[in-house]
Amino acid sequence: MPAISHTKAAEAHESAAKIHRTAAEHHQKGDHKAGLEHSEKATKLSETAHEASKGAHAKSKTAAH
C-alpha cells in the first residue's frame with residue numbers, strides 16, 4: 001500500500017534528520033569525535049530512508065497503473 005510506504009519513508013527521513021542535527025550540535029560544541037559518530041549513524045539512516053523512498057515511489061507507480 002503506497003500510503004504506508006510513504007509514511008515509513010517519511011519516518012525514516014525524520015529519524016535521519018534528528019541524528020544529523022545531533023551531529024551538528026556536537027560539532028558546534030567542539031566534540032568532533034561524537035559528531036563523527038553521529039554523522040556516520042545519520043548517513044546510514046539517510047541511506048535507509050532513501051531506499052524506503054524509492055520503494056514507496058515504486059509502489060505509487062504500480063498503484064497509478
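At 27% relative accessibility, S39 counts as partly exposed. The cut-offs explain the label: under 20% is buried, over 50% is exposed, and partly exposed lies in between. This value, like the others here, comes from a predicted model.

Where does S39 lie? S39 sits in helix α2. That helix covers residues 32-64, and helix α1 covers residues 2-29. The two pack against each other. Their axes are 7 Å apart, and the angle between them is about 165°. Angles over 145 degrees count as roughly antiparallel. α1 and α2 are therefore roughly antiparallel to each other. Their crossing is left-handed. Which kinds of residue make up the contact of α1 with α2? The contact divides into 14 nonpolar residues, 18 polar ones and two charged ones.

Now follow α2 along its length. The helix has 33 residues. At 1.5 Å a residue, α2 should span 48 Å. The C-alpha atoms at its ends are 46 Å apart, which agrees with that expectation.

Which residues of α2 are buried? They are A34, G35, A42, A49 and A56. What covers these buried residues includes α1. An α-helix has 3.6 residues a turn, so residues three or four places apart point the same way.

Which residues does H26 touch, leaving aside its neighbours within four places in sequence? H26 is in contact with D31, A34, G35 and H38. H26 and H38 are 12 residues apart along the chain, and their C-alpha atoms are separated by 8.5 Å. S39 comes back into view here. S39 and H26 are 13 residues apart in sequence. From C-alpha to C-alpha, they are 9.8 Å apart in space.

Another residue of α1 is E14. Is E14 buried or exposed? Its relative accessible area is 55%, so E14 is exposed. How far apart in space are E14 and A49? Their C-alpha atoms are 8.8 Å apart, although 35 residues separate them in sequence.

Note on methods
Residues numbered from 1 in each chain as written. Predicted model: local features only at pLDDT ≥ 70, side-chain atom pairs only at ≥ 80, totals over all residues. Heavy atoms only, no water. Axes fitted to C-alpha atoms, helices over the stretch in contact; angles between N-to-C directions. Helix = DSSP H or I, 4+ residues; strand = E, 2+ residues; numbered from the N terminus. Parallel < 35°, antiparallel > 145°, perpendicular 65-115°, else oblique. Left-handed = near helix turned anticlockwise from the far one by under 90°. Nonpolar A, V, L, I, M, F, W, Y, C, P; charged D, E, K, R; others polar. Expected span 1.5 Å × (residues − 1). Buried < 20%, exposed > 50% of the residue type's maximum accessible area, 1.4 Å probe, protein only. Contact = heavy atoms within 4.5 Å.
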